[in-house]
Each structure stands twice: as C-alpha cells, then as structure tokens.
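User: Hey, I'm new to this one. Can you walk me through it?
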Protein chains: 4
Amino acid sequence: MPLIIAERNAYTGQEQIWIKYIVHLALVKHQVMQEITFQIKYSEYESIAHLPEKDNVLLMKARETAKNAYAPYSGFRVGAAVQLGNGVIVTGNNQENAAYPSGICAERTALFYASAQYPHIPIIALAISTLNGTATPSGVAKPCGACRQVMAEYEDLAGKPLRIILDSFDKVLVLNGIDSLLPLRFKKEDVK
Amino acid sequence: MPLIIAERNAYTGQEQIWIKYIVHLALVKHQVMQEITFQIKYSEYESIAHLPEKDNVLLMKARETAKNAYAPYSGFRVGAAVQLGNGVIVTGNNQENAAYPSGICAERTALFYASAQYPHIPIIALAISTLNGTATPSGVAKPCGACRQVMAEYEDLAGKPLRIILDSFDKVLVLNGIDSLLPLRFKKEDVK
Amino acid sequence: MPLIIAERNAYTGQEQIWIKYIVHLALVKHQVMQEITFQIKYSEYESIAHLPEKDNVLLMKARETAKNAYAPYSGFRVGAAVQLGNGVIVTGNNQENAAYPSGICAERTALFYASAQYPHIPIIALAISTLNGTATPSGVAKPCGACRQVMAEYEDLAGKPLRIILDSFDKVLVLNGIDSLLPLRFKKEDVK
Amino acid sequence: MPLIIAERNAYTGQEQIWIKYIVHLALVKHQVMQEITFQIKYSEYESIAHLPEKDNVLLMKARETAKNAYAPYSGFRVGAAVQLGNGVIVTGNNQENAAYPSGICAERTALFYASAQYPHIPIIALAISTLNGTATPSGVAKPCGACRQVMAEYEDLAGKPLRIILDSFDKVLVLNGIDSLLPLRFKKEDVK
C-alpha cells in the first residue's frame with residue numbers, strides 16, 4: 001500500500017512530498033535465515049547554487065579551507081566545515097605526515113577542534129569539499145571510515161542526526177545522519 | 001511489478017528464492033534536487049549452527065582468537081578471522097595501548113598481517129566476534145569505521161565482494177561486500 | 001678539557017652559564033662496531049611560577065583547555081596549547097571515541113588545527129598539561145609517540161626547534177626541539 | 001673520575017669494555033631551574049655481516065618481508081621482524097590505504113600480530129629494514145613515533161629492554177630498549 005508523506009524539513013524549511021510503496025519478501029529454502037533490507041537515502045542537488053542557504057554557506061567555507069591543506073605527499077587537498085548549534089562554524093583541512101598513518105583528514109581536524117572548544121554545544125552539520133588543482137571541486141568528497149566513526153561519536157553526543165554535505169564539481173549530495181554512511185555502526189553502548 | 005529471482009549462492013551452495021516489489025517515488029517541490037535511495041541487504045542467521053559450513057569454521061576461529069585479546073584498558077575483547085583465497089585463515093584480536101589512539105582493532109590486526117604475508121592472494125571473507133566475560137559472544141560485533149576503510153582497500157584488491165560475518169550471542173549477520181557497511185565510500189581512484 | 005659556555009636564550013631572554021666536561025670512550029673487542037652516544041638535555045623548573053613569562057602564559061592555556069577534554073572512556077584529561085610565530089595561541093584537548101583508536105590526543109587536536117588555519121606561520125612552542133581530578137596537574141604530561149611524530153613534521157616546516165613545555169603537579173619540564181623526544185627520527189627525506 | 005666497566009651482553013654473548021668519564025655542571029642565573037641531561041647510546045655495526053648471529057637472522061627476515069609490502073601510494077617499502085621469547089619470529093610490512101591515515105607501518109603489522117598470537121610470550125627484539133628500489137636497503141630504517149609507542153607497550157609487558165635493529169645500506173644500528181627512541185615516554189601508569 002502506498003505511503004504518502006508531506007514533510008517540512010526543520011533545518012532547511014523546504015517542503016517535500018513523498019510517495020513510497022515498498023513490498024519486500026524473501027523466501028529462503030533449507031535454512032533458518034532471513035534477509036533483512038534497509039534503505040539509505042540522500043538528496044542530490046544540481047549544484048551548490050541550489051542548496052538551502054545554510055548548507056551553501058557551510059560548503060563555501062569547506063571549499064575555501066581546502067586551499068590551505070598541508071598535503072605534500074598526496075597532493076590531494078580536502079576542506080571541511082562544521083556547523084555548531086550556537087551558530088559558530090569551525091573549519092579544517094587535511095594535514096599529512098611523512099609517516100602516512102600519523103596524518104589526519106580534514107573532517108577530523110575540524111570535528112576534534114570544534115568539540116575541544118565547544119564541549120557542550122551540539123555539532124549539527126558537516127560540509128566536505130576536495131579540490132582538483134587550485135580551486136575547482138573534484139569528484140564527490142567522500143569521508144573515510146575513520147572520519148565516519150568520529151562523526152558518529154559527535155552525532156551521538158548531539159542527540160540528533162548530523163547533516164552531511166558532500167561537494168563535487170557537478171552536484172552536491174546531502175545526507176541526514178551518519179547511519180547513512182556507517183550502517184550497523186559500532187557505538188558507545190557496545191564497549192562493555 | 002514483482003521481481004522473482006531464484007539464485008544459488010556460489011560461495012555457500014544454498015538456493016534462495018526472492019520476490020521483490022519496489023516502487024519508490026519522490027516528488028520534491030521548489031528545488032532542483034532529487035532524492036536517491038539505495039538498499040543494504042544482509043542475512044540474519046538464528047545461530048552459528050545454521051551458518052554455511054565455511055562461515056561457521058571462520059567464525060569459530062574468530063571467537064577463539066578473541067580470548068587472547070590484549071585489552072587491559074577497555075576490557076572489551078574482539079576476535080577476527082580472515083579467509084584467504086588459497087584456503088589459509090589468518091586470525092587477530094584487538095591490541096590496545098596506554099595511548100588509546102595507538103592501539104588497533106582485531107579486524108585490522110588480522111587483515112594487515114594477512115595481506116603482508118600473502119600479498120597476491122585475495123581476501124574473501126572476514127568473521128568478527130566480541131566476547132562478553134570469558135567465552136560468550138556479546139552484542140553484534142560491528143567493525144569501526146577505520147576497520148571498514150581497511151576492509152574496503154583489500155576488497156578492491158581482491159576484485160570481488162568481501163563476505164562479512166558478524167557474531168552475536170543470539171544470531172549471526174552475514175553481509176556481502178563492504179559497500180553494505182561503508183556506502184558511498186572513499187576509494188583509490190579518489191586520490192588524484 | 002672543560003667547556004665553558006655563556007649563552008643567552010633568544011626566546012626567554014635569560015642568561016645561562018655552562019661548564020661541561022665530557023670524556024667518553026668505548027673499547028669493544030672482537031667486532032667492527034662502535035658505541036655512539038648522544039645527549040638529551042632539558043630544563044626542570046621548580047614550578048610554573050618560575051617559568052619565563054611566555055611559557056607561563058602558554059602552559060596556563062593548556063591547563064585551562066584540559067578541563068574541556070572529551071574523555072568518557074579513560075577519564076584522563078589532557079590540554080595542549082600551541083604558540084604560533086604570529087602571536088596566536090591555538091588550544092586543544094583529547095577527544096576520545098568508543099572505538100579507541102579513532103580518538104585523538106590533545107597535542108594533535110591543537111597542532112592539526114593550528115596548521116590548518118595558519119598554513120605558512122611557524123609553530124614555535126607547545127605546552128601540555130594533564131589534569132588530576134578537577135583542576136590540579138597530575139604527573140609529567142608526556143606526549144605519546146604519534147603526537148611526537150606530528151610535532152616533528154611541524155618543527156621541520158618551521159625550520160627551527162620546537163619549544164616543548166611539559167606540566168606536572170610539582171615541576172615543569174622544558175625541552176628544546178623534538179629530537180629530545182624522538183631521537184633518530186623518521187623524516188620527510190626518508191620517504192623516497 | 002673515570003668509570004671502567006667490563007660487561008658481557010647476555011643476548012649476543014659479546015664482551016665489551018667501557019671507560020666513561022662524565023662531568024656535567026650547569027650554573028643558571030636568575031631562576032630556580034636546573035638543566036638535566038641523559039644519554040642515549042647505540043651500537044653502529046659496519047654491516048649486517050658483523051652483527052651477532054641472532055640479529056643477523058632477524059634482520060634478514062625483515063629485509064625479505066619488505067619486498068611484499070603493499071605501498072602503492074608512497075612506493076616506500078618497509079619490513080619488520082619480531083623475535084619472541086619462545087624462538088618464534090613474526091614478520092610484517094607496511095600496508096597502505098587510499099585514506100592515508102588508515103594504513104599501517106611494518107613494525108605495527110608484525111608487533112600486533114605477534115602479540116595477538118602469543119599473548120603471554122615476551123617480545124624481545126625487533127629488526128626493521130626499508131628497501132630502495134627492488135632489493136637494496138636504503139637509509140637508516142627509523143620507526144615513526146606511533147610505532148615507538150606500540151613498541152613501548154610490548155616492552156613493558158615483556159619486562160625487559162627491547163633490542164632494536166635498524167638496517168641501512170651501509171651500516172646497522174642496534175639499540176637496547178625503547179627509551180633510546182622514546183625518552184620521557186608516556187606509560188601505562190600515566191593513565192589514571
């Protein structure tokens with residue numbers, strides 16, 4: 001049976017209408033097993049110009065910060081901008097090291113500093129951009145697994161889904177919550 | 001329109017019948033944006049006893065190895081077992097450090113060593129188990145983001161989906177491919 | 001023969017007189033080998049009150065920042081303050097993660113952010129403090145190996161020895177250059 | 001006053017004679033501060049051929065393992081060999097990742113696996129080699145800070161100094177104990 005949902009996004013103020021109809025059945029022979037499916041959803045914007053205002057501002061900060069990355073080993077420059085609940089934006093970029101594993105990604109530079117300076121303020125959004133050559137964004141900026149793990153920790157602290165904005169040269173992806181990037185994730189409660 | 005699929009899993013030899021019917025529409029007002037959805041699927045087995053033979057063997061190795069973890073700081077012991085394409089199984093467990101970030105998870109202990117010793121052999125499956133107290137598996141063993149990033153690197157090298165087996169005290173989850181745990185992931189091709 | 005040196009520290013403006021007399025011989029039988037010795041030197045101040053003014057200010061910032069650390073897993077709170085060549089001070093504290101290896105130390109939180117924001121300004125000093133309970137510094141704050149590796153990268157970029165100030169409840173240690181904490185270190189030139 | 005020491009190295013069986021004479025005085029004006037000096041000592045062998053037999057065997061294993069490193073991003077290949085108290089040797093090499101910080105060094109690949117497999121056996125020696133081109137060792141193989149932190153953890157577990165053998169194309173360095181590479185180090189006892 002179709003499900004019709006009209007929702008207003010509290011963050012962007014945009015109205016959306018959904019018509020959803022899903023039937024999913026799996027019959028499996030010879031074993032006590034069931035197939036489980038879950039969905040991951042994201043919004044794809046044609047360009048940064050079409051983004052909601054707040055996302056646009058945050059992403060522009062991420063792009064700007066990418067230029068200052070310290071990436072002498074990979075030549076790959078990434079910028080990140082974190083939106084805090086108190087209106088403050090904290091930026092960061094990747095910082096490499098001659099011993100590769102001792103370097104850090106842009107996302108973590110920004111997230112760690114944001115949490116260090118504003119320990120009780122929720123982190124509500126994160127924009128990421130990677131630069132191709134001097135100034136143009138390259139392919140979709142996709143956070144590495146370790147950064148996702150760190151994003152998850154702060155989302156849990158904030159108590160609500162982290163808005164994630166991923167830049168690219170021809171479109172912008174927006175995700176709602178780290179579960180979209182780290183399904184079945186390891187949590188605080190798992191350390192017992 | 002429903003989709004009926006009868007498939008035989010090449011790895012486990014089991015036959016499955018699928019009836020799938022999905023309609024998904026999103027109408028979004030006022031902006032040049034589209035909602036994109038993708039699905040993540042995994043199998044949930046009632047217990048280790050119901051797992052295909054090869055998975056069962058691998059998971060038992062992971063459970064066994066967890067007992068030897070060096071986890072004086074968290075008390076949280078995890079074991080991992082890697083199945084290589086040549087039949088060899090390599091195990092590992094978590095190895096902590098007084099400086100927390102310098103420790104490592106079970107999955108990476110096993111994966112790094114497996115690749116170091118068998119550089120041209122594909123890594124085809126990974127089983128993970130966490131112990132509660134002395135010997136019983138605890139909640140679902142979920143790899144952290146950094147481990148997923150490493151799993152992805154070796155899946156790309158192998159050229160086919162990594163089979164992932166996650167233990168728990170009351171069921172076992174099986175996933176096919178790291179994309180299920182790290183959607184929209186950062187890849188080799190992204191470093192340019 | 002004794003060596004008498006009167007030197008004025010360019011950073012603190014203090015005058016020091018040294019009388020040094022070292023003879024070191026190693027005779028080794030039966031092999032083509034020589035023993036090599038080098039010295040590591042640091043200053044031990046009776047308390048923060050006796051530190052040169054600039055060091056005192058930096059260390060107080062580190063102590064202050066430690067209070068805001070996010071350390072729910074270890075309960076161990078550390079603060080760091082970075083002095084930049086342009087007069088700016090950047091602070092950071094440790095930021096832990098449920099997946100222990102994905103957390104970060106105070107020193108790196110501050111260093112990565114400082115370099116991300118001021119890419120062409122030399123990092124000239126770093127103060128570190130660890131808190132015991134609410135507010136008193138605990139034992140000597142000693143950076144972990146990974147943080148030392150990162151300190152080394154930025155010292156090389158700055159082109160002059162990093163001044164390192166380590167707090168404790170009863171004295172303060174001051175070192176001149178990361179070589180004192182990471183002898184025979186791995187450098188940029190080693191990656192070839 | 002000179003100090004004359006004749007010592008027999010328990011590990012290599014070699015006899016050494018030392019004549020040591022050190023006077024060190026620091027007079028510092030205007031402040032309650034004292035200069036403290038400590039020494040770091042290592043042996044430099046003309047070539048691998050002059051190494052004690054056990055060290056030679058271990059280092060050859062490290063060289064051999066370096067060839068299998070997975071280093072598509074840096075092209076820099078490193079090998080490590082760990083000597084356990086029960087006679088077993090465990091080897092490892094560097095394993096890189098498209099997300100640079102998620103890779104690992106040779107030393108840790110070997111150390112983590114060794115401890116994972118032999119939890120109660122002391123780790124007593126570690127040899128490291130880096131390859132230049134196909135087969136010749138390059139400059140002195142110097143472990144990064146993070147690897148030193150991990151070496152320290154296992155030295156503490158073993159309860160005696162870790163013997164460290166660093167290869168190069170024209171000489172071999174041997175150090176006795178991680179304190180030589182990580183002075184004033186952060187220890188287990190510091191986490192309180």
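User: How many salt bridges are there across the interface of chain C and chain A?
Analyst: The rule finds zero there, a salt bridge being a side-chain nitrogen of Lys or Arg within 4 Å of a carboxyl oxygen of Asp or Glu. Keep in mind that this is a predicted model, where local features need pLDDT of at least 70, side-chain atom pairs count only at pLDDT 80 or more, and totals for chains, interfaces and linings use all residues. Residues are numbered from 1 along each chain as its sequence is written, chains are lettered from A in the order written, and side-chain values use heavy atoms, without hydrogens and water.
User: OK, and how many residues does the contact take from each chain?
Analyst: Chain C gives 33 residues and chain A gives 32, with contact meaning heavy atoms within 4.5 Å.
User: What area is buried between chain C and chain A?
Analyst: About 2,600 Å², and carbon and sulfur atoms give 58% of that; buried area is the accessible area (1.4 Å probe) that two parts lose on being put together, summed over both. On the chain C side, Y70(C), F112(C) and Y113(C) lose the most area to chain A, together 19% of what that side buries.
User: Switching topic: what does V82(B) touch?
Analyst: Leaving out residues up to four places away in sequence, its contacts include L58(B), V88(B), I123(B) and L126(B).
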